[in-house]
Amino acid sequence: MADTLLEGRDLVKHYPVTKGLLQRTIGWVRAIDGVSFTVERGKTLSLVGESGAGKTTTAKAVLLQEKLTSGSIFFEGQDITKWPQSKLKTDYRPRVQAVQQNPWSSMNPRMRVRDIVAEPLVVNTKQTKQQNRNRVLELLDQVGIAAEGADRYPHEFSGGQRQRIAVARALALNPSLVVLDEPVSALDVSIRAQIMNLLKDLQAKYNLSYMVIAHNLATVRYMSHTVAIMYLGQIVEYGDTEELFNNPLHPYTKALISASMLVLPEDEDRQIKQIILTGEMPSPLNPPLGCRFHTRCSEAQDICSQDIPEKHAVGQQHWVKCHHFD
């Protein structure tokens with residue numbers, strides 16, 4: 001039986017839209033609208049979708065950077081949305097860390113690397129300076145940065161090296177879960193594989209769980225065990241990585257996979273035909289009725305604009321929300 005580390009149940013985050021001097025609420029931006037997922041211990045869940053799909057808001061909710069409108073987050077079986085701030089500070093925040101997308105802007109340029117990596121230790125532990133320094137050197141060694149790099153500044157490193165330093169900082173408190181926001185998208189193509197391999201090696205060594213926010217499907221397929229496809233604040237398809245890539249069911253999933261590879265007309269072996277999405281994602285301020293994807297879907301029928309599709313299970317680890325998935 002799978003060992004669930006983190007579970008999100010019906011997560012909702014709506015932002016008020018206000019107007020006038022009295023800041024009267026005139027509407028709500030539905031950033032995420034009923035998102036549910038699980039992250040297994042030692043496994044990777046990737047959230048995939050276009051900009052505005054709700055991936056980052058979901059990650060911020062997990063990191064407690066956004067207060068949910070409704071819904072629950074369970075960590076090791078306990079509902080942390082009911083915990084007091086004091087318990088969150090000691091029992092949750094240290095165990096859930098993040099690596100940001102941009103290694104250039106995620107570090108203080110005036111701090112030396114040793115202080116950047118040690119910052120979580122200084123804030124959350126009562127170790128001595130020597131203990132912190134030893135831990136920093138240990139962490140830098142684990143991510144492939146030489147000991148002398150501890151006394152240098154971020155601008156003295158390449159983008160790939162900075163991302164390694166960011167990973168070292170995220171591991172300082174021995175977290176159970178690391179949220180990775182587009183961890184390699186800002187890096188040169190030539191070093192993306194190095195960082196992905198580093199992350200996978202660290203996951204295997206420490207039994208880490210990852211939540212990856214990504215749009216590059218090659219990265220997702222290489223790193224993930226489970227994938228959640230998001231569109232306009234909702235998960236439309238969810239499943240085991242290889243099952244989802246080999247048998248995509250939702251028209252949006254098919255379009256994303258189609259866009260990630262060159263599909264030639266004469267290539268008869270391709271099961272996914274080339275799909276070009278028209279239009280843009282509707283505003284989360286006023287999402288379409290029925291299936292939210294119907295305004296861009298080539299398979300849409302009358303029912304799609306009227307009824308919200310139910311969740312259809314297709315096997316043990318795969319489900320989809322679509323009226324015409326079969």
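Biologist: Which residues line the largest cavity?

Modeller: His250, Pro251, Cys291, Phe293, His294, Cys297, Glu299, Ala300, Cys304, Cys322, His323 and His324 do. One note on the background: this is a predicted model, in which local features need pLDDT of at least 70 and side-chain atom pairs count only at pLDDT 80 or more, while totals for chains, interfaces and linings use all residues. Residues are numbered from 1 along each chain as its sequence is written, and side-chain values use heavy atoms, with hydrogens and water left out.

Biologist: Why is this called a cavity, and what makes a residue part of the lining?

Modeller: Rolling a probe the size of a water molecule over the atoms shows where empty space is left. On a 1 Å grid over the protein atoms alone, a cavity is a set of points where a 1.4 Å probe fits but cannot get out, and a lining residue has an atom within 4 Å of a point. Pro251 is one of the residues that pass that lining test.

Biologist: How many cavities make the count, and what volume does the largest have?

Modeller: Two cavities of 30 Å³ or more are counted. Volume here is the space filled by probe spheres set on the grid points, which are joined across faces, edges and corners.

Biologist: How do the residues lining the largest cavity divide?

Modeller: Into seven nonpolar, four polar and one charged. Ala, Val, Leu, Ile, Met, Phe, Trp, Tyr, Cys and Pro count as nonpolar, Asp, Glu, Lys and Arg as charged, and the others, Gly among them, as polar.

Biologist: And how does the lining of the second largest cavity divide?

Modeller: That lining has ten nonpolar residues, no polar and no charged. They are Val99, Val167, Ala170, Leu171, Val178, Leu180, Leu199, Leu202, Leu208 and Tyr210. The elements giving two or more of them are α5 (159–171), β7 (177–181) and α6 (189–206), and α5 gives the largest share, three residues. These names come from DSSP runs numbered from the N terminus: helices are H or I with at least four residues, strands are E with at least two.

Biologist: What makes β6 and β7 a pair?

Modeller: Two strands pair if DSSP finds at least two bridges between them. β6 and β7 have four, in the parallel sense, so they pass that rule. Val99 has Leu180 in β7 as its bridge partner, and Ala98 has Val179. On β7's link to β8, five bridges join the strands, again running parallel, and Asp181 stands opposite Ile213 in β8.

Biologist: What order do the strands of that sheet take?

Modeller: Eight strands form an open sheet with mixed pairing, ordered β6-β7-β8-β3-β9-β10-β12-β11.

Biologist: Why are β6 and β11 said to stand at the edges?

Modeller: β6 (96–99) and β11 (311–313) each have a single partner strand, so one side of each has no neighbour in the sheet. On average, neighbouring strands are turned by 20° against each other, ignoring direction. Angles run from 0 to 180 degrees between N-to-C directions, using lines fitted to C-alpha atoms, for helices over the stretch in contact.

Biologist: Why is β7 called largely enclosed?

Modeller: Five of its five residues are buried, so the rest of the structure largely encloses β7. Buried means under 20% relative accessible area, exposed over 50%, and partly exposed in between (1.4 Å probe, protein chains only). Leu177, Val179 and Asp181 point one way, Val178 and Leu180 the other.

Note on methods. 1 Å grid on protein atoms, 1.4 Å probe; cavity = no way out; pocket = protein on both sides within 12 Å on 5 of 7 lines; lining within 4 Å.
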